[in-house]
Amino acid sequence: MDVTTCLKSLLLAIQQYRDSRTAQHAAQLQKQVEKFSGLKCEQLLSSAQVLPSECVSGLVELAGNPSTSPTLTSSIIALLSQLACDDQSREILHSSYNLTSTLAAVIHCHSNTPGEPLCLQVLQKLTYNTRIFQSASCIHELITFLMTNIQSQNEDVVMSCLGLLANLCRDNVSVQIYIKSLDNVKQFYRTLINFLAHNSLTVVVFTLSILASLSLNEKVGEKLFDAKNIHQTFQLVFNIIVNGDGTLTRKYSVDLLVDLLKNPKIADYLTRYPHFSACVSQVLGLLHSKDPDPAAKVLELLLAMCSVSGLRSLLCEVVFKPAGPKLRAAGGDGGRKAQCGLALVQWLSSAVEGGESCSLQVLQLLSELLEVSMPDSTLSFVEMLLPTLLGLLKGLNLSQGDAHLRKHCLRISYVTSLLLNILHATLPPCSLSILKCVCGFSQVCAEALLKTLELMSKLRQHVKDMETSFYRMLQDQRIVTPLSLALTSHHRDRVQTGLSLLFEATPLPDFPSFVLGESIAANNAYRQREAELSVKRVAVQEVPPLRTNASTLDSSSVSSKSVHSLVEKIQTGLEVKDSHVSEIIDVYEQKLVAYASKESRLQDLLEAKALALSQADRLLAQYRLQRAQAEAEILIIRCLQCQLLKCEDHVLYLYCDVTTLKKHHNELFKLCFSCFFLTFCARRLIASSLELQKSQLETKLKQKEDELNKHSAMIAMIHSLSSGKMKSDVNLSL
């Protein structure tokens with residue numbers, strides 16, 4: 001059954017089980033999942049087809065559904081693990097299908113099930129070199145689950161838990177802060193330190209990776225990776241890289257060493273590690289294998305070492321170390337094959353599947369190593385490298401799609417940088433062995449750079465940022481030599497290419513036109529003198545051979561006198577009439593002219609090289625200044641990062657305080673509302689009683705007024721009676 005038919009059957013079974021979760025439909029789906037697992041479907045997700053996308057979406061949905069049976073969930077997870085076979089597929093499953101959060105939910109809902117170890121393994125695959133936000137769904141529960149199982153030392157899942165936690169902690173500040181904020185973090189540190197004595201190297205590497213992520217800049221990390229223990233750690237990591245349990249252990253060992261090199265103190269310790277050269281030589285031996293995965297990790301480690309200034313020179317000595325006398329005496333290419341750098345050249349032109357990334361890493365590594373200078377030991381290596389670099393510039397086919405075009409353009413960028421470094425390394429004064437090959441290197445590098453620039457000129461309208469790189473390269477000081485060689489070449493196509501590039505470069509503000517003119521003048525003077533010398537050599541070759549006289553040779557006194565007389569004639573400026581002597585003088589004159597021409601040419605070369613050396617010194621000074629500024633900025637950034645970590649800790653504590661204050665505020669608000677309500681009710685009630693008392697008092701006051709009026713009337717009557725003046729109109733009724 002082909003893949004398309006199997007996908008259609010699987011999609012139908014998923015829809016039937018989703019509509020009706022019967023035992024029959026579950027068995028049918030289980031059968032289709034197992035049947036699809038038996039097919040080889042590599043890079044199925046990267047094909048961007050609708051049918052595989054629908055199937056994977058349905059499977060992920062069913063796996064995350066708690067009502068799905070554990071047996072069916074385990075089968076689905078096994079199939080998803082099979083699909084996550086390469087980096088691109090893992091990225092698609094993580095970002096497009098949200099499989100990481102789904103599997104975290106599965107572990108949270110279906111813990112202590114037979115499919116739990118497989119689920120942890122798939123999560124470890126998905127989270128490797130992937131940033132996971134701690135705010136994602138079920139991540140907090142997943143971290144708690146991992147720490148609990150690690151502290152319980154459950155041998156069935158402890159290795160997967162350590163590897164998964166190492167992935168979550170690496171370069172993830174939010175997860176690191178969350179783990180450090182937990183109450184049992186000190187006990188967790190003790191458990192991890194105990195794991196350092198484990199008999200499995202993989203467990204030891206996972207543990208060191210977690211400790212480096214969580215405590216490298218803290219007191220625990222300073223004690224763990226101090227000067228007393230760091231050499232043992234280096235030896236352990238190098239031994240695991242060379243003689244590890246497998247590819248997985250080697251990957252995490254390289255990542256651990258790369259993370260340790262980010263710390264300046266540990267990087268300085270490694271520069272003083274006495275066994276560094278021997279360890280790096282053994283690590284370089286891994287490049288002789290045909291597997292691109294370990295080769296890519298080894299190259300990643302070497303590039304990380306190149307970022308440390310003290311390690312780059314040591315690395316050059318190891319990579320470009322010449323073969324010993326016994327190996328060179330073996331004859332042929334035995335000495336060359338014994339070099340560690342030979343494996344790097346082999347990966348440049350390797351046809352192994354998945355080796356494109358290794359090829360780009362090798363180009364970047366060689367560009368870093370040959371950036372400063374080219375010692376005598378690298379001469380044979382560069383002779384072997386140049387033809388391979390020329391071969392990398394060929395093979396562009398626009399009909400192969402955008403992906404191939406992007407890879408080829410990226411390769412061109414790295415090749416150009418490497419060629420410029422090789423060409424620049426031959427310009428300063430160097431040893432006699434390199435001087436003999438300078439001309440050959442310059443011609444080959446110039447031809448390669450011209451092809452590269454011509455190709456970049458054609459692709460600048462089709463590739464993003466290619467035009468910027470093209471104009472930046474035209475303003476590079478190191479482009480003068482190949483451009484001058486092209487403009488003074490005998491080949492028409494090179495001259496035309498040089499003129500077209502010169503037409504593009506002339507309007508640029510930083511184009512070194514003066515240096516280009518000096519270089520063209522020196523090349524023209526050299527060619528003119530070579531032409532004059534070639535004419536004189538032809539004339540010398542046409543002179544008949546000198547005839548010798550035996551009697552003259554036998555007579556030493558006569559010859560001595562003739563020589564002295566010849567010298568006297570030359571010194572006095574007299575004309576020499578002897579034809580043979582005249583021919584001899586012509587020959588010597590031609591030789592003297594040739595020597596003078598060569599001396600003038602060497603003088604021009606020395607002047608050009610002195611000018612180039614001064615420019616190189618100026619560039620090196622600028623580079624050192626920029627590097628110092630960059631290091632200062634890095635230190636500032638690291639200080640800011642430490643402050644940021646402290647601020648994040650304070651923010652976390654403040655968040656807890658704010659939460660507590662919010663709860664207290666809510667309680668106070670409820671209490672205030674209750675008091676306000678009671679006050680309002682009370683006021684509505686010292687109000688109703690006052691109105692009642694007021695009405696009662698008004699009634700009493702009215703009664704008192706009536707009584708007062710009666711008393712007043714009675715007093716008035718008594719007063720009138722007492723005075724004897726009773727009025728007739730007095731109202732007795734009062």
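The second largest cavity in this predicted model has a volume of about 30 Å³. A cavity is a set of points on a 1 Å grid, over the protein atoms alone, where a 1.4 Å probe fits but cannot get out. The volume is the space filled by probe spheres set on the points. Lining residues have an atom within 4 Å of a point. Here they are Leu 7, Leu 10, Phe 36, Leu 44, Cys 55, Val 56, Leu 59, Leu 79 and Leu 83. Helix 1 (3–19), helix 3 (50–63) and helix 4 (70–83) are the elements that give two or more residues to this lining. Helix 3 gives the most, with three residues. The lining has nine nonpolar, no polar and no charged residues. Ala, Val, Leu, Ile, Met, Phe, Trp, Tyr, Cys and Pro count as nonpolar, Asp, Glu, Lys and Arg as charged, and the others, Gly among them, as polar.

Residues are numbered from 1 along each chain as its sequence is written. Local features need pLDDT of at least 70, side-chain atom pairs count only at pLDDT 80 or more, totals for chains, interfaces and linings use all residues, and side-chain values use heavy atoms, with hydrogens and water left out.

Helices are DSSP runs (H or I, at least four residues), numbered from the N terminus. Axes are lines fitted to C-alpha atoms over the stretch in contact, and angles run from 0 to 180 degrees between N-to-C directions.

| Pair | Angle | Axis distance |
|---|---|---|
| Helix 12 (201–215) and helix 15 (247–261) | roughly 30° | within 9 Å |
| Helix 15 and helix 18 (292–306) | about 10° | 10 Å |
| Helix 17 (276–284) and helix 18 | about 145° | 10 Å |

Helix 12 is therefore roughly parallel to helix 15 (angles under 35 degrees count as such). Their crossing is left-handed: the near helix is turned anticlockwise from the far one by less than a right angle. Contact means heavy atoms within 4.5 Å. The contact residues divide into nine nonpolar, four polar and no charged.

Helix 15 and helix 18 are also roughly parallel to each other. Their contact includes Arg 250, Lys 251 and Asp 255 of helix 15, and Asp 293, Lys 297 and Glu 300 of helix 18. By class, it has eight nonpolar, one polar and six charged residues.

Helix 17 and helix 18 cross in a left-handed way. Phe 276, Val 280, Val 283 and Leu 284 of helix 17 meet Val 298, Leu 301, Leu 302 and Met 305 of helix 18. This contact has eight nonpolar, no polar and no charged residues.

Note on methods. Angles under 35 degrees count as roughly parallel, over 145 as roughly antiparallel, 65 to 115 as roughly perpendicular and the rest as oblique. On a 1 Å grid over the protein atoms alone, a cavity is a set of points where a 1.4 Å probe fits but cannot get out, and a pocket is an open set with protein on both sides within 12 Å along at least five of seven lines; lining residues have an atom within 4 Å of a point.
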